[in-house]
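Visitor: I'd like to learn how to read a protein model. Could you walk me through one?

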Amino acid sequence: MGIFEPYRAIGYITAGVPFSVQRLGTETFVAVAVGKAFQVYNCAKLSLVLVGPQLPKKIRALASYREYTFAAYGSDIGVFKRAHQVATWSRHTAKVCLLLLFGEHILSVDVDGNVYIWAFKGMNENLSPVGHVLLDSNFSPSCIMHPDTYLNKVILGSQEGPLQLWNISTKTKLYEFKGWNSSVCSCVSSPALDVVAIGCADGKIHVHNIRYDEELVTFSHSMRGSVTALSFSTDGQPLLASGSSSGVVSIWNLEKRRLQSVIRDAHDGSIISLHFFANEPVLMSSSADNSIKMWIFDTSDGDPRLLRFRSGHSAPPLCIRFYANGRHILSAGQDRAFRLFSVVQDQQSRELSQRHVSKRAKKLKLKEEEIKLNPVIAFDVAEIRERDWCNIVTSHMDTPQAYVWRLQNFVIGEHILRPCPDNPTPVKACTISACGNFAILGTAGGWIERFNLQSGISRGSYIDQLEGTNRAHDGEVVGVACDSTNTLMISAGYAGDVKVWDFKGRELKSRWEIGSSLVKISYHRLNGLLATVADDFIIRLFDAVALRMVRKFEGHTDRITDLCFSEDGKWLLSSSMDGSLRIWDIILARQVDAVYVDVSITALSLSPNMDILATTHVDQNGVYLWVNQSMFSGGSDINLYASGKEVVTVKLPSVSSVEDSRVEDANEPTIRHSVSKDVPSFKPLLEQIPDLVTLSLLPKSQWQGLINLDIIKVRNKPVEPPKKPEKAPFFLPSIPSLSGEILFKPSEMSDKGDMKADEEKSKITPEVPSTQFLQLLHSCSEAKNFSPFTAYIKGLSPSTLDLEIRMLQIIDDGDDDADGDDLQDVDKRRELHSIELLMDYFTHEISCRSNFEFVQALVRLFLKIHGETIRRQSVLQNKAKQLTVLVTFMYIIAREDVIDGKVSWILSSRLLYRSCGFWSIGTGIIPGLDWPVQPV
């Protein structure tokens, strides 16, 4: 088990498996395969409807009927009703490659030529096939289809070229078509009787009459490649759509027997499947480039135009970054696309526009890929100026200029930043200042220049006079960064030199040498730490202000691909080509967790809330999400999940989130011992460190709810009082209880003698605590160990805890004018005993300096309810004075720490003194108390 567990993958639209279209009511749905899972889209807006479960193997074929989806994986066929698997058909001994919906049956074909017939109606009673056909040994099936009006008959195409007509009912081969000396890649039935279209690997389309075995017309693709998909129009227009392995969709006019139009840049990869919607001039296409597109034929010249589409990266992403407080992810891939993925709603994902790429490509007669910018190798984003001007800057592969983007409009900006126009070299590094006004670029020639993002004008360059070459570094600039106040600018060169510059004056302030070639840097603006990655696989942390190395992390055994800081600056995450993802604790200078995946991580990014980690991997087109277990589970201690110096082997997240995604199905995770011996082992911190306070690590809302509970109740008060039902249902008379158990009212006819006996007994024996709250308080007080009591009250909700404390309230405190009545003995006033024990608990917790913020909020609530009782009772006043002395002593020590400058956490509050000399807390915490916090 690790801190980050696999969650799900985003950015996957479709894979290289033909889709299956099914009409349900008035809506049309399409099922597509995505690796080991399938997804169903509503064709009205191509919105994602559901995601199927993760299967053991990749899906090779799909079919659908109403709410049922049939998926072939390996040698098995899974039957799903919506997203739930209801049956598994297992009879094949080889991989199933084809599925066909055939009336009330499903035909499955494997690579060995076995055809099984399955009845999916009444499959709960019988999971065996109802029929079996064995094809010839020299016949390798490549496609299957059912000719219209041909009862119980199917046509199978082969890789060898011939086609065969089979009667499934009698299991006999009726006829064999010789073919055209080319592999059959696709075949489809036409609206006309006895006519089918057959696509071959040589790029030819044969429209054939199977009744007379005569060829009607032959079309040939001008582009090289096989015909991978075919579809006939059914809206009255005599059109045939064909897709090729080169990504071109051709539209053929059957009446005129000629080519009508060509969509040259329909897809960037091979066309997998085509489908004309019934009685609609709409064509749907899918491709191996991870996209689905819908084309509509509504123009005057008959050419199709793009109606709607869903797409992801067609090539692996190179760099990613969280945006908008973790709700979106910016991703740049090798496919020259710059995309924005939504973590919350998949339909909001989109590609940032590069301004009229399709029109320019059509005008210049070039491919869209040739018009697009080169792949992005580095980018930076600033959210502060999103509504004002461009807030993203990107550097591209082998490009001597950088581009700016306006994320508010999802479009590329109008300015192009060209550093050092006299000697242009490719831009290798870029960053945006904390204010969002400036972009700093570093080039392969060692030049660093600053630009204004609003105007795109250069605002000066950084030159090291000692280099003697009028540039910042002697060699390539691998990274640039600037601090949060625009005071310092930090740059790193490939030669291993790190330099600190004055941001405004552009003068060199200091420099130091790493000792080896640098590959990458990462800077955290809040704590001023700079992480550097060298080619010796060692991560070094430098204090940019103190100008010295403060940490050194070793453990990776191959090239480090990426690293990032957590938002609070306590963790550093790094990935390597050795397949490991390691988490380093910066404060304690140790490795806290490491996971190993089969596919190496190329880029990573941690959300600002530290709840989700996003990664990209080698040869994977999607973005993978991992969840922080300490954020989404009951345990708040990361030591419960961290593996320390061990490396936990896990699988990649799937498209559908699953509970267990480890490599093996055992209860224990697979452990790989790390090669490095320099990573120290650690033990959980159990003892309190002197002069530090420990926080409870409870959610802020839980202990703040105690303070503001009255305000919350007023805000949540219903507008109208509840109305009494006209006919109230029958209920047994019961009384409320804190435990939630139903306690029935005692009968009025009970024995009066027993009641008198109980009253006499209650006078003799002390009152036993009736709730678990009081029972734990008394037992822990006797055992001098309040840990069980603390654990119990930390699990209570604010309203329940408020009710428990109010149950201790004393209604009758006596007359203020009496001399001796208010000084009653504790033994005579048993109701004061629990209050006294609760004050002892507060004294103990404050003296131990544990659960600090929670105890302070609890003390304030306690004083708000029982303050008047404490003022009246002398015994409770003595307890309060002891607590006052303790807190005052801690307050004085804290003030001394403030003078010495040893402050890392500020606690704000005020002290309220009452007439009796007792203190109470205004906001739950002591005023002006600055206390160093113990890391837990």
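Visitor: Let's start with one residue, then. Which residue does Tyr73 stand opposite in β8?

Guide: Tyr73 stands opposite Asp76 there. Keep in mind that this is a predicted model. The general idea comes next: strands of a sheet pair through backbone hydrogen bonds, and they do so either parallel or antiparallel. Here, β7 (residues 68-73) and β8 (residues 76-81) pair in the antiparallel sense, over six bridges.

Visitor: And what sits in the turn between them?

Guide: The hairpin of β7 and β8 has two residues between the strands, and Gly74 takes a positive phi near 65 degrees.

Visitor: How do I read a sheet with several strands? What is the order of the strands in the open sheet of four?

Guide: Read across it: the order is β22-β23-β24-β25, and the pairing is antiparallel. At the edges you find β22 (227-232) and β25 (258-263), each of which pairs on one side only.

Visitor: Can we zoom in on one edge? How many bridges join β24 to β25?

Guide: Five bridges join β24 (residues 249-253) to β25, and the two run antiparallel.

Visitor: What about a residue in a loop? Is Ser433 buried or exposed?

Guide: Ser433 is in the loop between β38 (427-432) and β39 (438-443). Its relative accessibility is 1%, so Ser433 counts as buried. Leaving out residues up to four places away in sequence, Ser433 touches Ala382, Phe438, Cys482, Asn486, Phe503 and Arg525.

Visitor: On to helices. How do α4 and α11 cross?

Guide: For a pair of helices, look at how far apart the axes come and at what angle they cross. The axes of α4 (residues 700-707) and α11 (residues 852-872) come within 8 Å and cross at roughly 20 degrees. Angles under 35 degrees count as roughly parallel, so α4 and α11 are roughly parallel to each other. Their crossing is left-handed.

Visitor: Which residues of α4 and α11 meet?

Guide: From α4, Trp703, Leu706 and Ile707 meet Glu853, Phe854, Ala857, Leu858, Arg860 and Leu861 in α11. By type, the residues of this contact are seven nonpolar, no polar and two charged. The buried residues of α4 are Gln702, Trp703, Gly705, Leu706 and Ile707, and these pack against α5 (709-715), α8 (787-794), α9 (798-806) and α11.

Visitor: You mentioned α9. How do α9 and α11 pack?

Guide: Their axes are 10 Å apart, at an angle of about 45 degrees, and α9 and α11 are therefore oblique to each other. This crossing is right-handed. Leu801, Asp802, Ile805 and Arg806 in α9 meet Phe854, Leu858, Leu861, Phe862, Ile865 and His866 in α11. Those contact residues divide into seven nonpolar, one polar and two charged.

Visitor: Last one: how many helices and strands does the whole protein have?

Guide: The count is 12 helices and 64 strands. Of the protein's 936 residues, 52% count as buried. And among contacts between residues at least 6 apart in sequence, 48% join residues at least 24 apart.

Key:
Residues numbered from 1 in each chain as written. Predicted model: local features only at pLDDT ≥ 70, side-chain atom pairs only at ≥ 80, totals over all residues. Heavy atoms only, no water. Pairing = 2+ DSSP bridges. Axes fitted to C-alpha atoms, helices over the stretch in contact; angles between N-to-C directions. Parallel < 35°, antiparallel > 145°, perpendicular 65-115°, else oblique. Left-handed = near helix turned anticlockwise from the far one by under 90°. Contact = heavy atoms within 4.5 Å. Nonpolar A, V, L, I, M, F, W, Y, C, P; charged D, E, K, R; others polar. Buried < 20%, exposed > 50% of the residue type's maximum accessible area, 1.4 Å probe, protein only.
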